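Here is a short tour for someone meeting this structure for the first time. Take a look at the model, and then we'll walk through it part by part.

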Amino acid sequence: MSERQDQRLLEVNGLKKYFPIKRGFLRKTVGYVKAVDDVSLYVNEGETLGLVGESGCGKTTSGRCILRAIEPTEGEILFKDPNVGWVNVRELEEDALTSVRQHMQIIFQDPYSSLNPRMTLLQLVGEPLVINHGMKGKALEDRVAELLRAVGLRPEYLRRYPHAFSGGQRQRIGVARALALNPRFIVCDEPVSALDVSVQAQILNLLRELQEDFSLTYLFVAHDLSVVRHLADRVAVMYVGKLVEMGETGEIYPSPRHPYTEALMSAVPRPDPRAAKDRIVLEGEVADPANPPGGCYFHPRCRYAKPVCSVESPVLREITEAHFVSCHRAEELSLTGVA
Amino acid sequence: MVGNRTLLEVKSLRTYFPLDEGLVRAVDGADFKLVSGKTLGVVGESGCGKSVTAQSILRIVPRPGKIVEGELLFHRYSKEGDAFSMADVVDLAKLDPRGRDIRRIRGNEIAMVFQEPMTSLSPVHTMGNQIAEVILLHQKVSQAEARERTLDILHRVGMPKPSQTIDSYPFELSGGMRQRGMIAMALSCHPSLLIADEPTTALDVTTEAQILDLMRELQEELGMAIMYITHDLGVVAEMAELAVVMYLGKVVERADVDSLFYNPHHPYTKALLRSIPRITEDRRKWLEAIRGMVPDPYNMPSGCPFHPRCVSAQKQCEEVDPPWVEVEPEHWARCVLYADGTTETGQG
Amino acid sequence: MATIETPTSGARSDTSILRDKDEEHIYTASQWQLMWWQFRKHKAAMIAIVVLGVMYFLALFAEPFAVYGPTERFPRFENVQPTRIRFIDEEGQFRGPFMYELTRTVDPATVRVVFVEDTSEMYPLRFFTPGTPYKILGIFPASLRLVGSGTDGPPIFLFGSDHLGRDLYSRTLYGSRISLFIGFGGVFLTFFFGITLGGISGYLGGTTDEVIMRIIDFMVSIPQIPLWMGLAAAVPRDWPVIRTYFAITLILSIVGWGGLARAVRGKLLSLREEDYVMAARVYGAKPRRLIFKYLLPNFMSYLLVSVTISIPFMILGETALSFLGLGIQPPAVSWGTLLRDAQRLTVVAQRPWQMIPGAFVVAAVLMFNFIGDGLRDAADPYARL
């Protein structure tokens with residue numbers, strides 16, 4: 001393994017998730033929705049990779065496929081297990097998967113549907129410990145109390161049910177549950193987008209704090225580019241199931257290399273009335289993942305498109321050190337980012 | 001069409017919901033003005049009463065909610081040549097919510113665009129029929145003429161292939177197209193005031209950018225006032241000239257957008273502006289979060305509702321209802337810090 | 001750790017419906033408790049629970065409350081109107097509850113048999129008096145009856161008597177046994193089929209799901225009443241009561257399970273998509289644990305509502321079949337068989353008391369519907385805000 005790979009915790013190669021479209025009485029498969037179509041990315045140990053894109057671009061599906069919370073159609077998911085070293089998560093059998101998953105957890109977007117309403121905090125947060133380590137009694141209570149303290153909830157709340165908590169507090173409970181098994185890697189699936197603006201910052205700070213305290217690695221799935229810039233070391237941008245750009249946050253935001261990244265960042269409304277208002281407004285609609293256009297999926301909306309773009313699919317390539325772009329014209333274009 | 005005609009004055013509006021669990025003061029003191037050709041941004045978090053304010057203006061507050069106090073003065077103008085002269089003033093708060101008068105105003109002179117177009121459009125009627133319906137309801141035109149106008153308005157809102165979409169059902173359209181349809185419906189009778197309640201919250205950023213652009217263009221063209229309700233400070237900065245910030249039913253600050261962002265006075269506004277991550281800012285270690293959480297509407301804090309979370313809270317904040325003070329010309333804040341009239345410059 | 005927030009009390013919670021409770025009490029309340037608190041607020045449902053409780057109690061312990069045995073006949077007392085219980089005698093004096101003997105005469109004008117009170121002698125009602133011997137729950141021999149006219153008094157017909165001279169009041173009590181409990185039996189079977197098949201369908205998905213769903217489509221499309229009648233008619237007449245009872249229960253539940261299986265499947269499919277189920281899978285919960293700790297508890301409340309609203313359908317179904325003569329066969333008594341006696345028009349015109357069992361059917365169904373209503377409101381304590 002190369003030196004570069006030594007820093008990595010997760011490497012995904014050629015990940016695909018196709019959902020069959022079934023029609024008719026006999027439920028014949030008439031086509032596929034290519035929710036995730038050949039995505040390759042990596043996450044370095046201890047960093048946060050922001051995975052951004054608009055709804056339906058496959059970012060959430062990608063995150064879930066990596067954990068095998070849903071089964072990927074194809075691809076390789078390499079994870080550096082602290083005990084056994086590199087494993088391909090996709091090929092693991094049930095038992096081995098359970099053991100690897102202790103190191104890979106997930107935090108959900110919706111603080112309401114992510115907690116079983118019939119379990120107390122003790123049961124909710126303790127469940128992973130009960131299942132994996134058979135913990136019970138005082139030991140379990142102590143560990144859960146410790147976890148609750150770590151996410152800023154009072155341990156006296158052990159016997160309460162989730163209905164006693166507000167959205168922000170519930171999100172903390174979800175975080176505590178994800179931390180229970182001492183994971184190294186957490187998929188954060190839009191963890192703040194359902195929260196009030198004034199509570200978002202608390203949860204973002206909490207995630208940052210926990211990352212330091214427990215040396216966590218995050219895959220942070222989000223549609224909010226401001227949040228991602230604040231939290232992520234590197235960013236990966238998806239459009240209609242494909243990764244279009246990936247690189248350092250500090251590089252992509254000021255100087256994007258893919259026209260879609262440029263447009264996406266330009267479209268974000270800035271909380272500054274004095275900011276220039278010359279936004280790039282994309283024409284048309286996001287391509288249909290069941291019936292994408294030929295060539296580059298973005299070409300019908302791209303203002304830099306050339307004839308080649310409608311014929312040939314671009315491949316993701318490294319144009320500068322650790323900056324990957326899938327655009328035919330990546331080298332020649334000079335795009336504007338956000339300062 | 002120029003000139004800043006005042007269209008609607010909202011004066012100390014209070015809308016309460018007497019529920020079994022207690023009295024919910026959904027709107028508890030809102031004062032602002034809507035001016036033709038300008039956009040007023042109404043910002044606040046969930047439960048701050050921004051949507052109920054809009055519902056109060058249209059008199060569509062769901063039961064058992066009731067306007068218990070305040071005036072909603074709607075100004076009408078008549079146009080002679082290029083000059084407008086005030087024709088009459090109606091207090092919307094005094095109208096019968098099911099009466100003829102308000103029905104003639106609603107959808108005609110004041111129109112509304114909602115957050116989720118799918119739930120506010122009828123699923124069993126085509127887009128075109130729904131828009132034509134509004135036109136037929138408020139104007140004396142023939143069926144054919146209504147369809148003609150519908151087609152025209154669909155063109156205007158940038159609906160792709162209007163001659164086809166006019167006969168499409170809402171579910172056949174994408175989120176962005178549906179929202180364009182909603183806007184078309186709202187604008188079909190040339191309202192003087194458009195209330196937009198989080199119209200882009202359910203949309204993606206690139207679609208949001210399209211809709212925001214469209215609304216600005218239409219405003220320039222038609223000169224209506226827009227009341228734009230949102231939780232996104234970015235959208236306010238982009239869209240509005242004037243803004244009010246609401247917290248737990250109260251308007252806590254009102255100013256032009258530039259002053260609000262660069263010289264905020266109310267501690268809530270200041271804290272909110274500091275706590276949001278910005279796309280233009282490099283990775284920062286901590287965000288300055290506002291402590292605590294939005295309280296439950298049945299358990300409202302006494303005095304200033306923000307005091308438990310406020311960094312500048314004083315002893316009196318627990319007891320006194322903070323005064324509405326003009327801290328600078330045309331810049332108002334509801335906070336005891338400014339009670340004696342002295343102005344303290346905040347940092348933006 | 002540095003910037004920890006201790007959430008202040010009065011945080012927005014979802015159970016504001018229960019403000020009157022002390023907070024900690026609510027926060028640590030399980031779903032069932034929340035449901036019960038919400039349910040208690042539904043007055044009609046609470047009354048219905050009491051009424052049904054009494055009805056079921058009376059059905060279980062019918063004998064001491066009945067005046068006579070279910071088939072005890074009083075020759076020459078056919079089609080007697082309900083006995084009038086009197087308190088005040090001819091002279092206007094209070095005498096406690098008593099009755100007069102009825103004498104059988106023929107109305108000269110209509111040439112019909114009528115019963116007239118013979119006011120010459122008063123028969124006081126006796127309480128806790130020995131009557132025909134019986135066995136409580138079929139086990140303990142006893143002979144005390146709540147009400148009676150003693151061994152020498154004339155027969156008491158609180159609801160009148162039928163065309164064979166049997167006491168309708170006693171028969172209504174005995175009949176409630178089959179009528180009220182057939183609901184439980186039928187519902188139990190419906191649920192057994194519905195949950196198993198719906199559960200398999202929803203949990204496994206794929207081809208199994210397709211096959212089960214198509215079978216249900218077929219079942220549901222058979223017209224219900226002809227199917228019932230056809231099946232019920234096929235039950236041999238000479239079967240013993242118990243066997244007929246189970247056959248009818250089975251027939252009643254055959255129709256119901258399809259809809260339930262479909263609902264269970266739908267509910268399972270939607271629950272399976274909940275994030276907390278996915279979370280549980282990611283932290284290693286095995287299918288068994290997923291089903292019993294995550295899926296089942298979350299649709300128990302839903303099932304409870306379904307049970308309550310399907311019992312009245314069973315009661316009505318039994319009544320309908322027996323009324324048509326296809327259900328429970330005499331000498332077994334159920335509300336349906338009792339009403340069968342009231343089929344003729346003359347009953348409606350001249351012996352309206354023979355329709356009293358119908359009132360019990362209506363009452364029972366109504367009460368179940370009230371409870372169902374209350375449960376539906378309470379089933380999801382979070383749904384209301």
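## Where chain A meets chain C

Let's start with a pair of chains: 49 residues of chain A are in contact with 40 residues of chain C, contact meaning heavy atoms within 4.5 Å. This is a predicted model, where local features need pLDDT of at least 70 and side-chain atom pairs count only at pLDDT 80 or more, while totals for chains, interfaces and linings use all residues; side-chain values use heavy atoms, leaving out hydrogens and water. Residues are numbered from 1 along each chain as its sequence is written, with chains lettered from A and ligands numbered from 1 in the order in which they are written.

Chains A and C bury about 3,900 Å² between them, and carbon and sulfur atoms give 53% of that. (Buried area is the accessible area, with a 1.4 Å probe, that two parts lose on being put together, summed over both.) Of what chain A buries here, 19% comes from Arg118(A), Arg160(A) and His163(A), more than from any other three residues.

## What holds hands across A and C

There are three salt bridges between chain A and chain C, each a side-chain nitrogen of Lys or Arg within 4 Å of a carboxyl oxygen of Asp or Glu. Glu127(A) makes one with Arg289(C), with the closest N and O atoms 2.8 Å apart. Chain A's side facing chain C gets its largest share, five residues, from α4(A). (Helices, H or I of at least four residues, and strands, E of at least two, are DSSP runs numbered from the N terminus.) By type, that side of chain A splits into 21 nonpolar, 11 polar and 17 charged residues. Here Ala, Val, Leu, Ile, Met, Phe, Trp, Tyr, Cys and Pro count as nonpolar, Asp, Glu, Lys and Arg as charged, and the others, Gly among them, as polar.

## Chain A against chain B

Now for the other partner: 44 residues of chain A are in contact with 46 residues of chain B. The two bury about 4,200 Å² between them, 54% of it on carbon and sulfur atoms. The salt bridge count between chains A and B is three, and one of them joins Asp213(B) to Arg279(A), with 3.4 Å between the closest N and O atoms.

On chain A's side, the elements that give two or more residues are α7 (197–213), α8 (225–231) and α10 (259–267) of chain A. Helix α7(A) brings the largest share, 10 residues.

## A sheet in chain B

Chain B has an open sheet of eight strands in the order β6-β7-β8-β3-β9-β10-β12-β11, with mixed pairing; two strands pair if DSSP finds at least two bridges between them. At the edges, pairing on one side only, are β6 (110–113) and β11 (324–328) of chain B. Further in, β3 (residues 39–43) and β9 (residues 242–247) of chain B run parallel over four bridges, and Val43(B) stands opposite Val245(B).

Most residues other than glycine have a negative phi, and most peptide bonds are trans. Yet the bond from Arg63(B) to Pro64(B) is cis, with omega near 0°, and Pro64(B) sits in the loop between α1 (50–58) and β4 (66–80) of chain B. Ser12(B), in strand β1 (residues 6–19) of chain B, has a positive phi near 30°.
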